[in-house]
Amino acid sequence: MGKRTRYLTITAICIPVITKENYPLYIRSTPMENELRFQYMVHTSLDMVDEKISSMGKALVNQRELYLGLLYPTEDYKVFYTTISKVKFVMVVNPSNTALRDNEIHRMFWKLHNSYIDVMCNPFCNPRTISRPGTDNMVMSMMIQVC
Amino acid sequence: SLGSPQPLPPGSSAGDQNLFTSVYPTLSQQLPREPMEWRRSYGRAPKMIHLESNFVQFKEELLPKEGNKALLTFPFLHIYWTECCVSTSEGKRTRGGIGLKMSVALCMEGLSQIVCSCLCRCVVLSDPLKDSSRTQESWNAFLTKLRTLLLMSFTKNLGKFEDDMRTLREKRTEPGWSFCEYFMVQEELAFVFEMLQQFEDALVQYDELDALFSQYVVNFGAGDGANWLTFFCQPVKSWNGLILRKPIDMEKRESIQRREATLLDLRSYLFSRQCTLLLFLQRPWEVAQRALELLHNCVQELKLLEVSVPPGALDCWVFLSCLEVLQRIEGCCDRAQIDSNIAHTVGLWSYATEKLKSLGYLCGLVSEKGPNSEDLNRTVDLLAGLGAERPETANTAQSPYKKLKEALSSVEAFEKHYLDLSHATIEMYTSIGRIRSAKFVGKDLAEFYMRKKAPQKAEIYLQGALKNYLAEGWALPITHTRKQLAECQKHLGQIENYLQTSSLLASDHHLTEEERKHFCQEILDFASQPSDNPGHKIVLPMQSFAQLRDLHFDPSNAVVHVGGVLCIEITMYSQMPVPVHVEQIVVNVHFSIEKNSYRKTAEWLTKHKTSNGIINFPPETAPFPVSQNSLPALELYEMFERSPSDNSLNTTGIICRNVHMLLRRQESSSSLEMPSGVALEEGAHVLRCSHVTLEPGANQITFRTQAKEPGTYTLRQLCASVGSVWFVLPHIYPIVQYDVYSQEPQLHVEPLADSLLAGIPQKVKFTVTTGHYTIKNGDSLQLSNAEAMLILCQAESRAVVYSNTREQSSDAALRIQSSDKVTSISLPVAPAYHVIEFELEVLSLPSAPALGGESDMLGMAEPHRKHKDKQKTGHCMVTTDHKVSIDCPWSIYSTVIALTFSVPFRTTHALLSSGTRKYVQVCVQNLSELDFQLSDSYLVDTSDSTDLQLVPLNTQSQQPIYSKQSVFFVWELKWTEEPPPSLHCQFSVGFSPASEEQLSISLKPYTYEFKVENFFTLYNVKAEIFPPSGMEYCRTGSLCSLEVLITRLSDLLEVDKDEALTESDEHFSTKLMYEVVDNSSNWAVCGKSCGVISMPVAARATHRVHMEVMPLFAGYLPLPDVRLFKYLPHHSAHSSQLDADSWIENDSLSVDKHGDDQPDSSSLKSRGSVHSACSSEHKGLPMPRLQALPAGQVFNSSSGTQVLVIPSQDDHVLEVSVT
């Protein structure tokens, strides 16, 4: 297929889960070398998240729709999603991948959210870290989706 | 006029040109006045529009040709004007290929009237130039008609155009399709909408074009190459940015038309049009937002299409575009609007800053030395790509073009522009609360300063950013920023800060091993430097260097006596990547004198209960932010507080051990970074461990200390010194304490068994708790001997020395030396805080029994006891205390110890009579739990009356006496002459524990002394019952006769000499009272049951009493009791005595009461008090007194006899009483 196909196979390049207190609960990115850059980027983008959440105010709580759409304009795209408990899921998407449709992103977030809930349902889970093989595999599969 | 911003759908007019000229001003003025509803195809919402028209004279060449796509210049409506007087209008129309041409005939009627008639499409305008209502009406009708027709025509043409355009778009997959061509077509539509002031619709056209193009790029990226797109992939040669100051950038438009536009040209043009329309729509902030998206998008698209772009060209383009957009927005908004919409524009500022920064780096403007020739060449190339400044900004001082050119012109200019931009951006971010973004820009700025060798300026930005990352716990940014900060601090020469940051970095697992080693080495290098100021300490927090994991005391309860050795073993987890040699590890200890008060608290109890000597320290939660919302988890523990005396539960509850963490004041996040000024405590008490090498990971370090002063020691600080660098843990938490106590030496003596028994050897345990005293050779216990207690020396007795923790440390034979007064026990040598234990055998000797007095001695107490107590005392052993005074070597005072011995036996005696023969019975009762062997019983008369003989009737010399059982001994009293009035006897019996084979010593016999008085029999009482005369047997219910015969057995004796004795003519007589009592209620006594008789005191004197009794039951009935009392006359001294007459007449019950006493009252001493209990009511009255005769003086010869009573015949029920 040539080198151009790689843009389509990479769906998300960084998927962090951020706590209510804006602490990175979980962060996976690909390629790994850029992790620092992604962390800087995701952290900075929290400004936008805060802004969006505060502008929505209470509406966010009542709203069933948790997807907040695109945020933080940089040369990389970021997509943001929050839960009722203010845990935030962010997906950094390769900007070339404009083919990624909103409903697909929705579906990915939904999967991520469910996975997170599964982890949190475990009474022995340390809420400080949710890393475990199941989550990792799921997240990795989102980041490298085979077309 | 074509292409003018004033949108005018064109019409053309023909016919009478003069006429038209005369009505034209009114027409052009009136036509746009009324809005028209514009109904649109494809379900688009209708709109109200004002029509404005441009009229041109009809020419043949104006008619559109086939394939014309210029909607703007297209004539929509053709009008034909003519003046007419009569209504002769004519409509003529022709159909063109592409549009609709319409002819309207206008007729002038008369001079004053223009009649606009409408036959088909003819309209008559009456008197158009007059001012009359008719004229007005006519105009209105005409205008309405014209508007309708104009709009119809326009809509029809527009629809046709749109259809054509769509058809063209559908062909986009066909080869040879040109995007630029299509672009021009759709833009025509946009122009039309713009002219109609339908900016929204116009914008939609551009957005559609935008989306179409973007889709092509994406598809191209996906491998679907569109031929026409390759055209846009030509190398970028010009990067002069967006131009937004002109409504239409004709230059760029033409290049698109000519199909020469590059991707940047196309995007720039498209955006300039969108920008124009958005500004028409009063949406400047959307411009800003779209601009940012556009810029990002362009960068990405160029990358995707692999367009060759000279380095820095895109940065220039983005920078210029950002500033252009910002200036364009600023140009159409006031300051207040801009200030309140920073959130929309700050992104552009930030982007511009970022791009300028990268340009600066690219062109060598950030380096210390300034740009080299290569950099200069690159700068020249970049500036060339900008071309000449465009005329519309040429006069603007601050134009983006000028700014960029200036910024790239010199190092100083670049710095100025970059700092301006950065500061502006940071300020804007801060003002809208985007702190993270502000810090991020600040970090870039710090990097810039670092490159410019201005670390003092960089520090604040790095610290700010680091604080921010720490607060939210972003590990990688923390590490990265720290690394930058370390460099900054190194340059600044902030040694302490640098070392602290280095220690944090050396323990940071996000760094590579090499990096960590580097930072660790930095610390070690510094530490090993010879300091110019010896003694100067660099104090750093320990946390990053090593962590205290757990601590363990030996002894595990953390309590040690003065002089004792305490070990504290700690686990330190070194965070360093390499082994670190630590000169010394010191624990500062705080001493407080409050002895043991601490250990009574609940905290102490729980701590020592749960941790069994190991105290765990919670791992540092450094990577996690302690934000206001995430407090540490509650550490709850159960708490039981027990009473110190009986260990019963006093209180129970739950305590929270980290209250101080939960309730402490919420500090700002700055507390996360350990303040560098850690105070080093200098205490008098330290625990020290020298020359330790801390390997990476867990290390065990043991502190050993000898306890000195008693008190509580609290571990405060932990310090580790590496050269002049001291790592300090300022507070050890949870609180760790140990206690040192001092104890006075003590002697404790206790029986080995539950109680000590008198008379046999018993073991007593001696416990010497040495406390702070050391038992030296020759120290001994001096026991002053108690008279009646012997200390039995046994050769094999040994003393055992235990340590404080009950571990046996030695044992030694005990040397005991006894003299008359003192027993000396040599103590074995024992160190302080040890326990010496040994056992001694002691023997309590029965001391000489004291007669009469209340004595503790064997058995003698018992007879004195009140009758009522008998039950109770029956199981209670008599005790005797022996006090021993002991002189201990550690004290000048004697210790007095009381040992209580219990007498195992209780002894009673009884006098038994058979006529005049007398017997003494001794009953020995074993109250102890032991079995004994009794031997060699003796009863001796201590008064030594030669006349008296005690003849033992006991056959066995050896006799076991089991626990809780009794043994009886009987002796017959024999005498030849007159018996003594009283007899003092001593009973003695040898005893030894039955279980033991052989006793080392011979035991003293058990003795019992008693006195027997009035034992000689004076009276014989005989009772007989006879059946009624003529009957063989007594019958129930029939009266029988009772004959009582009282016989005096001796002449006058000493004992008779009392008040009752009367003498007349050398004959003595005494008064006796008899009483017949039947306790078992077998008999009913008829008539008087008692009487007073005068009894001559002479041998064989007899008194006979006769009375009637009636048996109440059948069977062998025992005879009623006959009792004799001495009847004493009234005596004032005995006024309390009972009046005989009164109680005789009273009732027989009271007599019964007295009778109870008699059978058991073997001792004659208790006589006098018999009646005292019931005499109080008669106090003061002169009454005779009754005195029961001692049991030994009266012998009842008929006791035990029975009489057969048969039931009366008519009884149906046979009652048999068996006694």
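A residue counts as buried when its relative accessible area is under 20%. By that cut-off, 50% of the 1219 residues in chain B of this predicted model are buried. The accessible surface of chain B comes to about 58,300 Å², and carbon and sulfur atoms account for 51% of that area.

The secondary structure of chain B consists of 26 helices and 53 strands. Its contacts can be sorted by how far apart the partners lie in sequence. Taking the contacts in chain B between residues at least 6 apart, 72% join residues that are at least 24 apart.

One of the sheets can be followed strand by strand. This open sheet in chain B has three strands in the order β42-β53-β49, and its pairing is mixed. Strands β42 (1034-1035) and β49 (1115-1118) of chain B are the edges, each pairing on one side only. Between β49(B) and β53(B), the latter covering residues 1202-1206, the pairing is antiparallel and runs over four bridges. Within this part of the sheet, B:Tyr1116 stands opposite B:Leu1204 of β53(B).

Over all chains, a search of the whole structure finds 33 aromatic pairs. One of them is formed by A:Tyr40 and B:Tyr469, with ring centres 5.5 Å apart and planes at 65 degrees to each other. Planes over 60 degrees apart count as edge-to-face, and the A:Tyr40 and B:Tyr469 pair is of that kind. A:Tyr40 belongs to helix α2 (residues 35-56) of chain A, whereas B:Tyr469 belongs to helix α17 (residues 455-472) of chain B, so this pair joins two chains.

Are the two tyrosines, A:Tyr40 and B:Tyr469, buried or exposed? A:Tyr40 has a relative accessibility of 6% and therefore counts as buried. B:Tyr469 is also buried, because its relative accessibility is 0%.

Chain B also holds an aromatic cluster. B:Trp177, B:Phe179, B:Tyr182 and B:Phe183 belong to it, together with B:Phe213, B:Tyr216, B:Phe232 and B:Tyr269.

Elsewhere in chain B, charged side chains lie over aromatic rings. B:Lys537 is placed over the face of B:Trp726, 4.2 Å from the ring centre. In another case, the charged end of B:Arg1048 sits over the ring of B:Tyr1019 at 5.3 Å from the centre of that ring.

Key
Residues are numbered from 1 along each chain as its sequence is written. Chains are lettered from A and ligands numbered from 1 in the order in which they are written. This is a predicted model: local features need pLDDT of at least 70, side-chain atom pairs count only at pLDDT 80 or more; totals for chains, interfaces and linings use all residues. Side-chain values use heavy atoms; hydrogens and water are left out. Buried means under 20% relative accessible area, exposed over 50%, partly exposed in between (1.4 Å probe, protein chains only). Contact means heavy atoms within 4.5 Å. Accessible areas come from the Shrake-Rupley method with a 1.4 Å probe; for residues, only the protein chains shown count as cover. Two strands pair if DSSP finds at least two bridges between them. Rings of Phe, Tyr and Trp (its six-membered ring) pair if their centres lie within 6.5 Å; planes under 30 degrees apart count as stacked, over 60 as edge-to-face and the rest as tilted. A charge sits over a ring if NZ of Lys or CZ of Arg is within 6 Å of the ring centre and within 35 degrees of the ring normal.
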